Amino acid sequence: MTREVKPLSKTVQKAVRRHTTTRRLVRPLAGTLFHLFMFVAVIGGFLAGAVFLWQKALADNRFRMDSDTIALGGSVKECPESAEEIRRIGFAFNGRNLLDPLLVADLKNAYSRSVWVRKVSRIRRRYPNRIDLELQLRMPVAQVRSGQRYYLVDMEGVLLPVAGQREPFAKLPEIVGVTAKTIGPEPRPGEAWPDPGVRGGLGILQAFWASPLSGVLPVSRVLVTTGVFQGADGVSREIRRRFEVVTESGAVIRWGTFNLGDLPGELTSAEKMWHLQGLLSREEALRPGVCFDVRTRLPGFSLVE
């Protein structure tokens with residue numbers, strides 16, 4: 001006897017269809033989640049391995065810095081006065097790992113704080129444990145007498161961290177006042193000397209160094225004097241600096257002011273250098289004891305015995 005199969009009710013048919021649809025959706029999603037889990041696991045394992053290798057490298061003594069690690073370049077060898085401080089800064093990094101991501105920034109900050117360092121030009125790692133370091137240093141170009149002591153300054157008039165001494169430093173031109181109080185007191189190391197006598201003296205020295213006369217008339221001393229001049233309003237009084245240049249051969253050059261024009265027709269520094277070159281071409285300029293006056297081209301000046 002054949003049993004009659006009744007058709008499923010509409011409610012059951014809907015339930016079957018929902019179940020089938022859910023299975024179709026869940027299977028791909030489960031596969032995607034599985035692959036995502038495997039991907040995360042692989043990446044996690046890779047990162048864990050990388051961290052392990054990084055920590056191992058940081059602990060490796062082959063990458064550690066020592067007293068011979070930093071190779072100094074640039075102007076370091078030309079400035080022996082700075083050698084002690086430059087070495088001291090380098091010694092503070094003994095034991096640091098060359099792989100340390102903060103190493104280059106720390107080196108730059110440490111050297112930039114030194115008064116001797118004008119600029120950190122380059123820092124380059126050389127594995128396993130070498131640092132190529134190039135610095136632009138403040139070079140002593142002149143000495144200033146303030147009070148009873150001599151102090152070193154660079155081209156910008158910045159006071160260098162060398163203790164003042166009673167005797168002049170060797171082989172550097174002097175900027176000297178006619179009295180102990182002509183030039184104001186020294187600033188703190190690393191600051192530019194504000195006194196106009198120092199600024200003007202350095203400007204005159206730079207004019208000589210930049211001219212063809214630098215090898216003919218090497219400067220030994222710039223003498224600074226003071227004078228009281230009438231102000232622009234015709235009433236007030238203004239103290240200004242005047243300068244005389246003494247060469248290593250003993251010749252004296254009356255320079256006047258530094259680009260202030262106190263005399264009628266006083267020349268600029270560049271014009272004074274050209275005027276001096278012309279005076280040196282004269283036969284009487286070779287006589288001993290001649291004083292060159294380059295303040296102006298007016299008659300009555302130029303060569304004074």
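## Briefing: cores, ring pairs and salt bridges

Setting aside neighbours within four places in sequence, isoleucine 253 is in contact (heavy atoms within 4.5 Å) with Phe208, Leu217, Phe243, Glu244, Val245, Thr247, Leu276, Phe292 and Val294. This is a predicted model, in which local features need pLDDT of at least 70 and side-chain atom pairs count only at pLDDT 80 or more, while totals for chains, interfaces and linings use all residues. Residues are numbered from 1 along each chain as its sequence is written, and side-chain values use heavy atoms, with hydrogens and water left out.

**Overall picture**

- The protein chain has five helices and eleven strands; these are DSSP runs, with helices being H or I of at least four residues and strands E of at least two, numbered from the N terminus.
- Of its 305 residues, 36% count as buried; buried means under 20% relative accessible area, exposed over 50%, and partly exposed in between, with a 1.4 Å probe and protein chains only.
- Among contacts between residues at least 6 apart in sequence, 53% join residues at least 24 apart.

**Nonpolar cores**

- A nonpolar core is a set of buried Ala, Val, Leu, Ile, Met, Phe, Trp, Tyr and Cys residues joined through side-chain atoms within 4.5 Å.
- The largest one has 30 residues, and those with the most contacts inside it are Ile175, Trp193, Leu202, Phe208, Ile253, Trp255 and Leu276.
- At least two residues of this core come from each of strand 4 (142–146), strand 5, helix 4, strand 7 (219–230), strand 8 (237–247), strand 9 and helix 5.
- Helix 4 gives the largest share of this core, six residues.
- A second, separate core of 24 residues includes Trp116, Val120, Leu135 and Phe169.

**Aromatic pairs**

- There are two aromatic pairs in the structure; rings of Phe, Tyr and Trp (its six-membered ring) pair if their centres lie within 6.5 Å, and planes under 30 degrees apart count as stacked, over 60 as edge-to-face and the rest as tilted.
- Tyrosine 151 and tryptophan 193 form an edge-to-face pair, because their ring centres are 6.1 Å apart and their planes are at 65°.
- This pair links distant parts of the chain, 42 residues apart: tyrosine 151 is in strand 5 (residues 149–153), and tryptophan 193 is in the loop between strand 6 (174–177) and helix 4 (196–209).
- Tyrosine 151 is buried at 12% relative accessibility, and tryptophan 193 is buried at 2%.
- The pair of phenylalanine 208 and tryptophan 255 is tilted, with 5.7 Å centre to centre and 40° between the planes.
- Phenylalanine 208 lies in helix 4 and tryptophan 255 in strand 9 (residues 252–256), so this pair ties together parts 47 residues apart in sequence.
- Both phenylalanine 208 and tryptophan 255 are buried.

**Salt bridges**

- The structure holds 15 salt bridges, each a side-chain nitrogen of Lys or Arg within 4 Å of a carboxyl oxygen of Asp or Glu.
- Arginine 118 and aspartate 154 meet in a salt bridge at 3.2 Å, N to O.
- Arginine 118 lies in strand 2 and aspartate 154 in the loop between strand 5 and strand 6, so the two tie together parts 36 residues apart in sequence.
- Arginine 118 is partly exposed, at 33% relative accessible area, whereas aspartate 154 is buried, at 0%.
- Arginine 118 also has a salt bridge with glutamate 156 at 3.7 Å, N to O.
- Shared partners join Arg118, Arg138, Asp154 and Glu156 into one network of salt bridges.

**Backbone details worth a look**

- Most residues other than glycine have a negative phi, and most peptide bonds are trans.
- Tyrosine 127 and proline 128 are joined by a cis peptide bond, with omega about 10°.
- Proline 128 sits in the loop between strand 2 (117–126) and strand 3 (130–137).
- Lysine 171 is a residue other than glycine with a positive phi, near 65°.
- Lysine 171 lies in the loop between strand 5 and strand 6 and is exposed, with a relative accessible area of 85%.
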